[in-house]
Amino acid sequence: MNISHPAQQKERNFTMNTYLFVYDLMQFCGHSWIFTNMIIRFMSFGKDSLADTFYSIGLVMRLCQLLSILEILHILIGIEKGCLFPRCLQITERIIVLFVVINSQEEVQGRYVVCVLFFLWNLLDVVRYTYSTLARMGIYYQPLTWLNFSLCIPLYLLSVLAKAFAICVSLPYFESFGTYSIKLPFPFAFSIYFPYVLKMYLLVLFIGKYVIFQKAGFQHNWDACGNKKSNQYSSFCKLKLPLPHVLQTTRGKFITSCFDL
């Protein structure tokens, strides 16, 4: 039993790594197709392509976002390391904005903010899943590593603003059509006005982001993401140290927490 146990553990790790590699590759292919499709359509049709972005790529976008729910399961069962709360928050936000806000209101689907939001999401995910797919094979490229752990911060903040703007744009339509608003019959005499729910969600959205960045040490450790105050990440770039060495440091752990956002 003791002799076969290491072999069984090795086989299990290989199976899990193969599964995660296939998952990352599938997500990379999906988001790459969306990102390439958006660029080609914009170069071909100009501003006219922005209005029907959702109609052309919405189905694949929804499939990719539904598939990303598996990432929460990966962390829960322990086959992938990561912070559960930031990842769960990110996926939940996207599901709510995509399926509840955008998908339910055709008037919102043609707005430019939807195209901007999809562009930011897919740019983030193309970089992230490219890095993850190569990392499964032990391949690390310095420019890609920098993009993955630094570019994600400003793009993520922009995507939060785009999500908030999309919700604000949708509010008049939810008020007019009464979508998702519920009025319970007597004797309950209780009603749920969905625009109020969205306004409360906007408040929770920004408060949640602030708490997460505070918890990660964002204000006190900004240098970990490439500021001149810290030489650990710059040393990684100059000496071309392997990524695991960087992530073993305290500031490296902060970079990882930024990535989990």
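Let's begin with helix H7, residues 112–136: its 25 residues reach 36 Å from the first C-alpha to the last, close to the 36 Å expected at 1.5 Å a residue (the expected span being 1.5 Å times one less than the number of residues). Helices here are DSSP runs of H or I with at least four residues, numbered from the N terminus. This is a predicted model, in which local features need pLDDT of at least 70 and side-chain atom pairs count only at pLDDT 80 or more, while totals for chains, interfaces and linings use all residues. Residues are numbered from 1 along each chain as its sequence is written, and side-chain values use heavy atoms, leaving out hydrogens and water.

H7 is mostly covered, with 19 of its 25 residues buried (under 20% relative accessible area, with a 1.4 Å probe and protein chains only). Glycine 138 follows H7 and has a positive phi, near 75 degrees.

Next, look at H5 (residues 84–102) and H8 (residues 142–177), which pack at about 30 degrees with their axes 11 Å apart. Axes are lines fitted to C-alpha atoms over the stretch in contact, and angles run from 0 to 180 degrees between N-to-C directions. H5 and H8 are therefore roughly parallel (an angle under 35 degrees). In this pair, Gln90, Glu93, Val97, Val100 and Val101 of H5 meet Tyr156, Lys163, Ala166, Ile167, Ser170 and Phe174 of H8, where contact means heavy atoms within 4.5 Å.

Finally, find lysine 209 in helix H9, residues 194–215. Lysine 209 is buried, at 6% relative accessible area. Beyond its neighbours within four places in sequence, lysine 209 contacts Leu89, Glu93, Tyr156 and Val160.

How values were computed:
Helix = DSSP H or I, 4+ residues; strand = E, 2+ residues; numbered from the N terminus. Parallel < 35°, antiparallel > 145°, perpendicular 65-115°, else oblique. Buried < 20%, exposed > 50% of the residue type's maximum accessible area, 1.4 Å probe, protein only.
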